[in-house]
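Please open the model in your viewer and keep the selection tool at hand. The tour begins at the ligand and then moves to a single side chain in the protein.

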Amino acid sequence: MAAANLERAGLDAELLSADAGQVLRDAPDGAWDLIFLDAERPAYAGYWPDLLRTLRPDGGLLAVDNVLSHADEVAEFTALVEAEPS
Ligand SMILES: C[S@@+](CC[C@H](N)C(=O)[O-])C[C@H]1O[C@@H](n2cnc3c(N)ncnc32)[C@H](O)[C@@H]1O
């Protein structure tokens, strides 16, 4: 469905069918300008170290779904983000 939507939008993108956690772990430091996180909520806190490491340090953007709709389920994650000075 993503491929069809991207094609309809005329966007050329590389789609990876892989474990996102592994893709994050394997990514080099500062690899991403933007990360849209919308996976299994219990996994969010575990992703945090690699999210922080692989986001571009100057102006990288992390967009996370369900922080309002399921605040209690991501409380550990949001606490990590809010505690991060950088
Ligand atoms: C909430 S849906 C994503 C919806 C989509 N972002 C959207 O806005 O339409 C979460 C999807 O992430 C997939 N997913 C969850 N954990 C994953 C992981 N570790 N690696 C790859 N895909 C994962 C699930 O199979 C599911 O298809």
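**Stop one: the ligand**

Select the ligand together with Ala20: a nitrogen atom of the ligand is 2.9 Å from a polar backbone atom of Ala20, a polar contact, meaning a pair of N or O atoms within 3.5 Å. The model is a predicted one, in which local features need pLDDT of at least 70, side-chain atom pairs count only at pLDDT 80 or more, and totals for chains, interfaces and linings use all residues. Residues are numbered from 1 along each chain as its sequence is written, and side-chain values use heavy atoms, with hydrogens and water left out.

To display the whole surround, select Ala18, Asp19, Ala20, Phe36, Asp38, Ala39, Glu40 and Tyr47, each with a heavy atom within 4 Å of the ligand.

**Stop two: Tyr44**

Now select Tyr44, in helix α3, which covers residues 44–54 (a DSSP run of H or I, at least four residues). Is Tyr44 buried or exposed? Tyr44 counts as buried because its relative accessibility is 0%, the limit being under 20% with a 1.4 Å probe and protein chains only. Finally, show Ala39, whose backbone nitrogen lies 3.3 Å from a polar side-chain atom of Tyr44.

Terms used
Polar contact = N/O pair within 3.5 Å; in protein donor to acceptor, adjacent residues only side chain to side chain. Helix = DSSP H or I, 4+ residues; strand = E, 2+ residues; numbered from the N terminus. Buried < 20%, exposed > 50% of the residue type's maximum accessible area, 1.4 Å probe, protein only.
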